[in-house]
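Please open the structure in your viewer and keep the selection panel at hand. The tour below moves from one selection to the next and says what is found at each stop.

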Amino acid sequence: MSDVSLLPPNSTRTERALEQAMARIGEADVPIRHLWNPDTCPAHLLPWLAWAFSIDVWDSTAPEETKREIIRQSVEVHRRKGTVGAVKRALAAAGAPAEIVEWWQDGAAAHTFKVRVDVARLIARGKTFNAALVAGIADGVDATKPVRSHYSILAFFGIEAEVYAGAFLSAGVRLEVHPLVPTSVELTATIPVAALMAANARIEVQ
């Protein structure tokens, strides 16, 4: 720090005090490099880092690692905004990966698409399928989809099960294959119907 002032003789006391304070700014220990890194930024400063990265949808109740992943993916999401890739990346970063089915893939109306969310997969990741989750998915899609496009959210239950098949040959005349599958599957879930209707979503069991 230099004792030589650069201010004119008619400067005020406040201006001289500011000069003295700013002269010591280089002595402040501010780890800028760590603050701008989503991996090393202190948890309590993540909302400010998200604002600096122009995060469109921020959930203050999300787990810390989810918040960091959203910030990590922010640049790529903004680079590809308005594309299917951006929508998928944004939802995956928020912990709600989904399959996107566009209108030309299923013969639907032009410039529409479907967001297929596997509820069983979300539950396996520790998520709770409730109104807040549906609203979060809708917000994420709205922030990244093409403006002209409209969409529906389809929540479905993907069930993995082993299927056994048996076969026998009788006198070389007839071959029969009998898959042994359950005659019925029961699923019990509490679904926020009002939230699904508001988000233009529906439930499918497959």
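Begin by selecting Arg-68 and Glu-64, which both lie in helix H4 (residues 64-79), four residues apart, or about one turn of the helix; helices (H or I, at least four residues) and strands (E, at least two) are DSSP runs, numbered from the N terminus. This is a predicted model, in which local features need pLDDT of at least 70 and side-chain atom pairs count only at pLDDT 80 or more, while totals for chains, interfaces and linings use all residues. Residues are numbered from 1 along each chain as its sequence is written, and side-chain values use heavy atoms, with hydrogens and water left out.

**Salt bridges**

With Arg-68 and Glu-64 still selected, look at their side chains, which meet in a salt bridge at 2.8 Å, N to O; the term stands for a side-chain nitrogen of Lys or Arg within 4 Å of a carboxyl oxygen of Asp or Glu. By this rule the count comes to nine salt bridges. Is Arg-68 buried or exposed? Arg-68 counts as buried because its relative accessibility is 8%, where buried means under 20% relative accessible area, exposed over 50%, and partly exposed in between (1.4 Å probe, protein chains only).

Next select Arg-72 and Glu-65, whose side chains form a salt bridge at 3.0 Å, N to O. Arg-72 is partly exposed at 28% relative accessible area, and Glu-65 is also partly exposed, at 47%.

Then move to Arg-80 and Glu-76, a pair joined by a salt bridge at 2.2 Å, N to O. Here Arg-80 has a relative accessible area of 36% and Glu-76 one of 22%, so that Glu-76 counts as partly exposed.

**Nonpolar cores**

Which residues touch the most other members of the largest nonpolar core? Select Val-115, Ile-137 and Val-141, which do so among its 20 residues; such a core is a set of buried Ala, Val, Leu, Ile, Met, Phe, Trp, Tyr and Cys residues joined through side-chain atoms within 4.5 Å. Helix H5 (84-93), strand S2 (112-118), helix H7 (119-124), helix H8 (131-144) and strand S3 (150-157) each supply at least two residues of this core, and the largest share, five residues, comes from H8. Around Val-115, not counting residues up to four places away in sequence, the residues touched include Leu-91, Ile-100, Tyr-151 and Ile-153, a contact being heavy atoms within 4.5 Å. Apart from this core lies another, of nine residues, among them Leu-46, Leu-49, Ile-70 and Ala-93.

**Model confidence**

Finally, colour the chain by pLDDT, the predictor's confidence in each residue, from 0 to 100. The mean pLDDT of the protein chain is 80, and 75% of its residues reach 70 or more. Among the elements of the chain, helix H3 (residues 46-52) has the highest mean pLDDT (96) and helix H9 (residues 193-198) the lowest (46). Select residues 167-175, where pLDDT stays under 50 and the model has eight contacts beyond four places in sequence, and then residues 180-199, where pLDDT also stays under 50 and the model has 24 such contacts. Where pLDDT is low, the predicted coordinates should not be read in detail.
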